Every structure is written in C-alpha cells, then in structure tokens.
Amino acid sequence: MAAEGLVVGDEREVRIGTIAHGGHFIAHSDGRTLFVRHALPGELVRVRVTEVARKIVRADAIEVLEASPNRVPAPCPWAGPGLCGGCDFQHVSLPAQRELKEQVLSDALRRFGRLSDEELADFDLAVRELPGHPDGLGWRTRMTWATDSAGRVGLRKHRSHDVVTADRCLIAAEDVSAPGSAAAGRVDREVRGRAWRVGGADFWQVHPGLPEALVDAVLEFGVPAVGETWWDLYSGAGLFAAFLGEAVGESGRVSAVESSPAGVKAARRALHDLPQVGLEEGDVARWLRTAPGHPAGVVLDPPRSGAGCEVLESVTERAPDRLVYVACDPVALGRDVAILGGNGYRLANVRAFDGFPMTHHLETVAEFRKDL
Ligand SMILES: C[S@@+](CC[C@H](N)C(=O)[O-])C[C@H]1O[C@@H](n2cnc3c(N)ncnc32)[C@H](O)[C@@H]1O
C-alpha cells in the first residue's frame with residue numbers, strides 16, 4: 001500500500017522499536033513511522049491506526065502477538081486502547097517503566113542537549129522510585145474528573161474530550177480516588193517540617209514524596225551557604241525559596257519570582273518567618289531585565305515548555321556560580337542544556353525521580369556549573 005495510504009482504523013502487524021517521548025513506541029509500516037501506545041520494545045503487535053497527520057501516524061497496540069518479558073496485566077480496568085488516557089504504562093512492570101523513562105531522559109540529553117555518549121556516561125540517569133507507593137498506585141493527591149454530555153462522570157480518553165465512565169482512579173490517593181471526592185479547595189502540605197496551605201488550582205507536586213526529594217536534590221546540588229544571594233525562578237508557593245532562605249539565613253537574600261498571584265499568596269503565608277525571602281509577583285523574563293546584582297546561585301523550575309533562550313541568557317549574564325534546574329519535561333531540559341552549554345554552563349549532575357508512576361512523566365533535577 002502507498003505510504004500516504006494509511007488511514008484511521010487500518011490495522012497492521014508491526015515489530016515495536018524504541019521508546020519515544022510521550023508514552024509511545026516507534027514502529028514502521030507502509031513507509032511511515034508509527035507512534036504506538038500500549039506496546040513495549042521488541043514486541044510483535046497488531047496495531048490500529050488512531051490518527052494520521054502529515055508528519056505523524058498514531059496507533060494503538062490492540063493485540064500482542066509476541067509479548068515483552070516486561071509486560072504485566074494492567075491493574076486498572078480502564079487502562080488500554082481506547083480507554084482512559086491518564087496512564088501510559090499500566091501494562092509495564094514498574095522497574096521497566098523506570099528504565100524506559102531513563103532511556104527517554106538519556107535520548108533527550110543526547111539529541112536536544114547535544115551531549116556525547118562519553119559525556120552522558122558521567123551521569124547517573126537512573127530514575128529513582130519515591131517512597132510510599134511500591135505498587136505505583138494510590139499516590140496522586142489531586143484529580144480532575146470529567147463529565148460527558150449525558151452527565152456521566154469519568155476520565156478523558158487519550159487526546160480526546162470523550163469521557164470513559166469510571167467510578168475510581170487507581171493512581172489517585174484514597175481521599176480523591178472517586179468522582180465527587182476530589183478536594184477542590186485548599187490543601188495542607190508539609191515538607192521538612194514546614195507547612196503550606198495551597199489552593200486547589202495552585203501548583204503543587206501531585207506525588208506526596210516528590211517535594212521533599214526535589215528539595216533534597218536542590219540543596220545538595222546548589223549548596224546554598226549563609227550570607228549568599230539566591231534566586232528562585234518560577235517559585236510557585238515558595239517550596240525551594242523556603243529552604244534556600246533557611247540556608248542563607250538573615251544575612252543572605254532570596255528573590256522568589258512567580259507569575260501566579262495565588263502562588264505568591266500561598267508563599268507569603270508559608271514563608272512569613274523568613275524576612276530574607278523577597279516574593280516577586282510577575283513574569284520571570286521581565287523581572288530578569290531589571291533584576292538587581294549577581295546571585296551566588298539560581299534555581300529554575302519552569303513549566304513544561306522549559307526556560308528558553310531569553311531567560312537563560314539573562315540568568316547566565318549574571319554569572320551565578322551554581323545553577324540548579326528542575327525539569328518536568330526531559331526534552332525541554334535537553335533544549336535548555338544546549339542553550340546553557342552555549343552560554344558557558346556545563347551539566348555537572350543529574351538526578352531523576354519517578355514522580356508519576358504508570359505515566360510517561362518524570363521529574364529531573366540538574367546541576368550546572370560555570371565553565372572555568
Ligand atoms: C513547575 S511549577 C514550579 C513551582 C515550584 N517551584 C514548586 O516546586 O512547587 C512552575 C511555576 O511557574 C509559574 N510560571 C509559569 N510561567 C511563568 C512565568 N513566565 N513567570 C513566572 N512564573 C511562571 C507557574 O505559575 C508555576 O507556579
């Protein structure tokens with residue numbers, strides 16, 4: 001059949017290749033590259049095409065003809081082709097999920113970060129399990145339930161507004177796992193003995209073990225010291241600013257920059273005992289244009305799209321000694337590694353966490369040092 005002949009609904013038998021970012025796997029058919037969900041590398045599967053675009057063909061594995069040893073029965077009855085789009089890896093053993101995420105991170109640093117295999121060999125890219133949820137279930141502290149036109153409640157299908165009717169979510173924590181139970185109001189959280197109260201719509205990591213793991217890595221990589229000046233860019237409710245503030249003490253200074261007024265308000269409540277932390281409400285790029293001085297260190301925790309050229313160039317112009325980057329998207333991190341490399345900052349350390357079991361997502365903390 002001609003390359004352009006593939007249409008939605010076509011079925012093909014394909015051998016699955018490597019993982020691609022986004023929870024799908026590469027296969028080839030009809031002269032096209034297919035991005036296949038619900039499969040695993042090495043498997044022979046029957047796929048059904050779900051979307052055909054100019055550059056991309058998407059497909060679901062609907063029958064497994066030769067299974068990978070890493071395949072397991074999905075714990076969730078709503079996971080699978082055409083069902084809930086929330087999880088990508090319910091059919092994969094948890095150790096194999098983490099290995100797949102490590103491959104995605106490694107690939108992103110090589111392809112987008114332009115690091116050689118020799119450079120990558122210096123880093124431990126293993127994606128670490130977080131404590132508390134050994135089966136990868138029951139960790140998600142926030143949920144958004146959807147309602148279809150008939151008023152039935154459930155979860156959205158992959159890349160669709162259609163709703164799969166469901167009466168619980170297995171990755172959700174007990175108190176938010178059923179429709180109607182989701183806490184839309186304020187939630188109380190504690191990290192390293194410090195308390196936060198954040199609004200239901202404000203940013204806060206959804207895995208209960210992730211904030212502490214990220215703070216530990218940020219402090220270990222950044223080594224903030226008494227009297228220093230630090231910037232916490234994209235600071236949310238002030239998670240990193242709080243512990244940077246404790247580390248630099250009253251003789252130091254932390255500027256935390258966040259665009260969401262609600263995030264700044266939550267930070268103001270939680271960090272009221274830290275006069276050395278200044279909370280700046282606004283856009284990071286704009287704030288950097290007139291930011292005062294030369295910080296000893298900078299923490300960046302941008303949204304999924306990454307920090308980008310303008311922000312990173314403004315930061316590196318101020319020549320901080322230490323730069324710690326918290327990334328929720330490995331490809332955006334890779335792009336920003338390349339930008340930082342071009343501005344005199346080399347990757348010095350990486351620590352990745354499985355903050356989103358059963359999904360393709362991971363969280364990475366990266367340390368950069370100024371080239372001498
Ligand atoms: C990944 S969250 C990190 C929040 C915080 N560091 C934490 O760990 O809880 C990114 C934050 O950046 C904020 N944000 C997004 N774009 C921004 C911008 N251009 N300027 C300032 N803040 C921004 C969002 O509101 C969000 O709170």
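**Figure 1. Helix 3 and the residue after its end.** Just after helix 3, V223 takes a positive phi of about 45°. This is a predicted model: local features need pLDDT of at least 70, side-chain atom pairs count only at pLDDT 80 or more, and totals for chains, interfaces and linings use all residues. Residues are numbered from 1 along each chain as its sequence is written. V223 lies in the loop between helix 3 and strand 13 (229-233). Helices (H or I, at least four residues) and strands (E, at least two) are DSSP runs, numbered from the N terminus. V223 counts as partly exposed because it has 14 C-beta neighbours inside 10 Å. The cut-offs: a residue is buried with 20 or more other C-beta atoms within 10 Å of its own, exposed with 12 or fewer, and partly exposed in between; C-beta atoms are placed from the backbone. Helix 3 itself covers residues 210-222. Its 13 residues reach 18 Å from first C-alpha to last, close to the 18 Å expected at 1.5 Å a residue. That expected span is 1.5 Å times one less than the number of residues. Buried residues of helix 3 include L214, V218 and F221. The buried residues pack against elements including strand 11 (187-191), helix 4 and strand 16 (297-300). Contact means C-beta atoms, placed from the backbone, within 7 Å.

**Figure 2. H38 in its loop.** H38 lies between strand 4 (32-37) and strand 5 (44-52). Its phi is near 70°, a positive value in a residue other than glycine. Most residues other than glycine have a negative phi. H38 is buried, because 28 other C-beta atoms lie within 10 Å.

**Figure 3. The largest nonpolar core and V299.** The core holds 102 residues. A nonpolar core is a set of buried Ala, Val, Leu, Ile, Met, Phe, Trp, Tyr and Cys residues joined through C-beta atoms within 7 Å. V36, V47, V218, A241, A267, V299 and Y325 touch the most other members. Domain 1 (3-71) and domain 2 (103-131 + 185-370) both give residues to this core, so it lies between them. These bounds come from an automatic or database domain assignment. Beyond four places in sequence, contacts of V299 include V218, W230, F240 and V324.

**Figure 4. The shell around the ligand.** Here 18 residues surround the ligand, and the closest are F203, Y234, G236, S259 and D301. Helix 4 (239-248) and strand 14 (253-258) each give two or more residues to the shell. The shell divides into ten nonpolar, five polar and three charged residues. Ala, Val, Leu, Ile, Met, Phe, Trp, Tyr, Cys and Pro count as nonpolar, Asp, Glu, Lys and Arg as charged, and the others, Gly among them, as polar.

**Figure 5. Helix 8 and Y345.** Helix 8 spans residues 330-342, and its end C-alpha atoms are 18 Å apart. Its buried residues include V331, L333, V337 and L340. Among the elements covering them are helix 1 (94-111), helix 7 (308-317) and strand 18 (345-354). Just after helix 8, G344 takes a positive phi of about 85°. Y345 is in strand 18. Y345 counts as buried, because it has 24 C-beta neighbours inside 10 Å. Leaving out residues up to four places away in sequence, Y345 touches T316, L323, L340, F368, R369, K370 and D371.

Note on methods
Contact = placed C-beta atoms within 7 Å. Near = placed C-beta within 6 Å.
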